[in-house]
Amino acid sequence: VMNDIISTMFNRKFMEELFKPQDLYSKKALRTVYDRLAHASIMRLNQASMDKLYDLMTMAFKYQVLLCPRPRDILLVTFNHLDAIKDFISDSPGILNQVDETFRRLIETYNPLSDGEFQLIRQTLLIFFQDMHIRVSIFLKDKVQNSNGRFVLPISGPVPWGTEVPGLIRIFNHKGVEVKRAEFTTAGNYVTPQREGSFELYGDRVLKLGTNMYSVTRPVETHMAGSSKNLASQAKENIAPNPLAKEELNFLARLLGGLDIQKPAGGESGFRLNLFTTDEEEEHAAQTRPEELSYKVINIEATQ
């Protein structure tokens, strides 16, 4: 299953489309691609489990982008993702080569960017996720998310690489000569980072964002935050007519048409993955989830 999903995700044509300069996907377009990728193997999820998986994915990624010490570290988070993926397919050299090729394209495309360009990327991603405040139990237990679904920013720990620990103000004259110093106390306990994470194909990323959240076994549930009225109003904004919708769907048709969706071999009918403790819990989640938040899979067929 992992081999099928990863080989589909890193399909060459798919990656070529992703690396083309383009506007950010809409939430519906992202969900459509995500559904196709998740079902690229014999594994199947029903609507409730698919919604839960998508909620976990979006909130985990939002958390990682939000807590990046500096905008450029978004690339290190991505490298952590790819390092983990490579561990899944270490015994499949063909698929490993696909991932390494994507790795090289990321390095070639994004390493040369300036800090300002990375800041623009980070802000664009956060704007995309800014209305999503889904509570995740693993974050609630670790005190990194409040009961309203908003994340808690730390005021202690290592400062971003290339910056100094706060506590000192330097004043310079018009010639650039330091003329005065003033110290102040900070509420946090800051330390200088030991080293910068590696932006190479192999290396120590140092940054832990993007690594496995479930390295410690614990039950995970998601709950919807906010009133149904607010959720409904947000959903209506998402489905408002968009003049670029036709072009976006045409692009998706080309993109998804390039995916090698694996068909069950022989008499295999596949297996179902349930992300809830019991089938009854899954059915209850499907019934109680606001209709506005349940995405339907869009079937798109690419034609010549």
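## Overview

The chain contains 11 helices and 8 strands. The model is predicted. Buried residues make up 38% of the 304 residues in the chain. Among contacts with a separation of 6 or more, 74% are between residues 24 or more positions apart.

## The nonpolar cores

In soluble globular proteins, nonpolar side chains tend to be buried together. Here the largest nonpolar core has 46 residues. Those with the most contacts inside this core are Ile6, Phe10, Tyr63, Phe79, Leu82, Val99 and Phe139. Two or more residues each come from helix 2 (12–18), helix 3 (27–38), helix 4, helix 5, helix 6, helix 7 and helix 8. The most is given by helix 5, with 7 residues.

Apart from neighbours within four places in sequence, Ile6 is in contact with Ile85, Phe88, Ile89, Ile95 and Val99. There is also a second, separate core of 7 residues, including Ile5, Tyr34, Ala38 and Met43.

## Helix 5

Helix 5 has 16 residues, and its first and last C-alpha atoms are 23 Å apart. This is close to the 22 Å expected at 1.5 Å a residue. The buried residues in helix 5 are Asp73, Ile74, Leu75, Leu76, Val77, Phe79, Asn80, Leu82, Ile85 and Lys86. They pack against helix 1 (2–9), helix 4, helix 6 and helix 7 (115–129).

Asp73, Asn80 and Lys86 are therefore buried in helix 5 along with residues such as Leu82 and Ile85, because each falls under 20% relative accessible area.

Helix 3 has 12 residues and reaches 16 Å from its first C-alpha to its last, close to the 16 Å expected at 1.5 Å a residue. Because 9 of its 12 residues are buried, helix 3 is largely enclosed by the rest of the structure. The buried residues are Lys27, Ala29, Arg31, Thr32, Val33, Tyr34, Asp35, Leu37 and Ala38.

The partner is Asp51, whose side chain makes a polar contact with the side chain of Arg31 at 3.0 Å. Asp51 is located in helix 4 (residues 47–66). Asp51 counts as buried because its relative accessibility is 2%, and the cut-off is under 20%.

## Aromatic pairs and charges over rings

The whole structure holds 7 aromatic pairs. One of them joins Tyr63 and Phe151, with 5.3 Å centre to centre and 45 degrees between the planes, and is tilted. Tyr63 belongs to helix 4, while Phe151 is in the loop between helix 8 (137–141) and strand 3 (157–158), so this pair ties together parts that are 88 residues apart in sequence. Both Tyr63 and Phe151 are buried.

Phe79 and Phe103 form another pair, which is tilted because the ring centres are 4.8 Å apart and the planes are at 35 degrees. Phe79 is in helix 5 (residues 73–88) and Phe103 in helix 6 (residues 93–110), so the pair ties together parts that are 24 residues apart in sequence. Phe79 counts as buried at 0% relative accessibility, and Phe103 is buried with a relative accessible area of 0%.

Ring pairs also link Phe61, Phe128 and Phe129 into a cluster. Over the face of Phe128 lies Lys27, 4.5 Å from the ring centre.

## Positive phi values in two loops

Lys143 has a phi near 60 degrees, a positive value in a residue other than glycine. Lys143 is in the loop between helix 8 and strand 3. With a relative accessible area of 66%, Lys143 is exposed.

Val206 likewise has a positive phi, near 65 degrees, and is a residue other than glycine. Val206 is found in the loop between strand 6 (190–191) and strand 7 (222–223). Its relative accessibility is 30%, so Val206 counts as partly exposed.

Note on methods:
Residues numbered from 1 in each chain as written. Predicted model: local features only at pLDDT ≥ 70, side-chain atom pairs only at ≥ 80, totals over all residues. Heavy atoms only, no water. Helix = DSSP H or I, 4+ residues; strand = E, 2+ residues; numbered from the N terminus. Buried < 20%, exposed > 50% of the residue type's maximum accessible area, 1.4 Å probe, protein only. Polar contact = N/O pair within 3.5 Å; in protein donor to acceptor, adjacent residues only side chain to side chain. Phe/Tyr/Trp six-rings, centres within 6.5 Å; stacked < 30°, edge-to-face > 60°. Lys NZ or Arg CZ within 6 Å of the ring centre and 35° of its normal. Expected span 1.5 Å × (residues − 1). Contact = heavy atoms within 4.5 Å. Core = buried A, V, L, I, M, F, W, Y, C linked by side-chain atoms within 4.5 Å.
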